[in-house]
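Dear colleague,

Please find below the structure that I am handing over to you. My findings follow directly after it.

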Amino acid sequence: MAELEPLREDWERALCIVAHPDDMEFGAAAAVARWTGQGKQIGYCMVTSGEAGIDGMHPEQCRAVREQEQIDSARLVGVHQVEFLRQPDGILEYGVPMRRLLAEVVRRHRPEIVITGNFRDTFGGTALNQADHIAVGRAVLDAVRDAGNRWIFPEQLQGLLEPWGGVRQVWAAGSPESRHAVDIGDTFDDGVASLEAHRAYIEGLGWEHFDAGEFLEGFARQTGQRFGSALAAPFEVFPLGWGSED
Ligand SMILES: [Zn+2]
């Protein structure tokens, strides 16, 4: 029996909330391409614009470059709705202000699935995670429940917004605790293209001979072996509305 279980696909709307432009593309974008290909509606919400991500470029200039790269990248996997909350890159804090921001986004989008990045302390072994990823992931888990409670952040509900308690699961892409996965064999190339769209960022990393395809294939093959397909993407599932057995 395969070690990783298949993710559920009986849903219509998902919202991806991550800290930075490029967070979705380092592993999850091919899965997004699969789901948009099935006709599902997926939106992206970037908490920062990754403006502190390129050493040789001032944040003011970098913000515009990275937002455009993210919009282009998203389009390649069938995502046409990308929003930026423009919180300060690199110094995000988990807490009530962040939960308030994210609850408002969840109330507007009304998704069934919310996808974020890995927010465990590491990516496995000693590969340390980054502070913004951890802050955002923790706040996402809280905000999806806040969104459903009309007495939490009630000032958001004065106009057209309603509480939204319809989020059934939160998925953390690339978590070392992943016990679920999805086959990305058919959309792997779209995922590679979407990472390549972050041209200025990748150049700025200064990794010599970085090959997006090779990089992504390594992880996808490893996950595939544990899932029973050639290429797969891993997710940690936090159940909310479907019950813990899922
Ligand atoms: Zn990131």
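The protein chain carries 22 positive and 39 negative side chains, and the centres of the two sets are 8 Å apart. In this count Lys and Arg are positive and Asp and Glu negative, while His and the chain ends are not counted. Each charge is placed at NZ of Lys, CZ of Arg, CG of Asp or CD of Glu.

Please note that this is a predicted model, in which local features need pLDDT of at least 70 and side-chain atom pairs count only at pLDDT 80 or more, whereas totals for chains, interfaces and linings use all residues. Residues are numbered from 1 along each chain as its sequence is written, and side-chain values use heavy atoms, with hydrogens and water left out.

Overall form

The protein chain contains seven helices and eight strands; these are DSSP runs numbered from the N terminus, with helices (H or I) of at least four residues and strands (E) of at least two. Its C-alpha trace spans about 50 × 50 × 35 Å along the principal axes.

Of the 246 residues, 52% count as buried. Buried means under 20% relative accessible area, exposed means over 50%, and partly exposed lies in between (1.4 Å probe, protein chains only). The accessible surface comes to about 11700 Å², and 48% of this belongs to carbon and sulfur atoms; the areas come from the Shrake-Rupley method with a 1.4 Å probe, and for residues only the protein chains shown count as cover. Among contacts (heavy atoms within 4.5 Å) between residues at least 6 apart in sequence, 81% join residues at least 24 apart.

Salt bridges

A salt bridge is a side-chain nitrogen of Lys or Arg within 4 Å of a carboxyl oxygen of Asp or Glu. By this rule there are 15 salt bridges.

In one of them R226 pairs with E3, with 3.0 Å between the closest N and O atoms. R226 belongs to helix α7 (residues 212-227) and E3 to the segment before β1 (5-6), so this pair ties together parts that are 223 residues apart in sequence. R226 is partly exposed at 31% relative accessibility, and E3 is exposed at 52%.

Another salt bridge joins R66 and D22, whose closest N and O atoms are 2.6 Å apart. Because R66 lies in helix α2 (residues 59-75) and D22 in the loop between β2 (13-18) and α1 (29-37), the pair ties together parts 44 residues apart in sequence. R66 is buried at 2% relative accessibility, and D22 is buried at 5%.

R86 and E67 also meet in a salt bridge, at 2.7 Å from N to O. R86 is in the loop between β4 (81-84) and α3 (96-109) and E67 is in helix α2, 19 residues apart. R86 is exposed at 52%, whereas E67 is buried at 9%.

A buried loop residue

L231 sits in the loop between α7 and β8 (232-239) and is buried at 9% relative accessibility. Leaving aside neighbours within four places in sequence, L231 has contacts that include V182, F188, E217 and G224.

Yours sincerely
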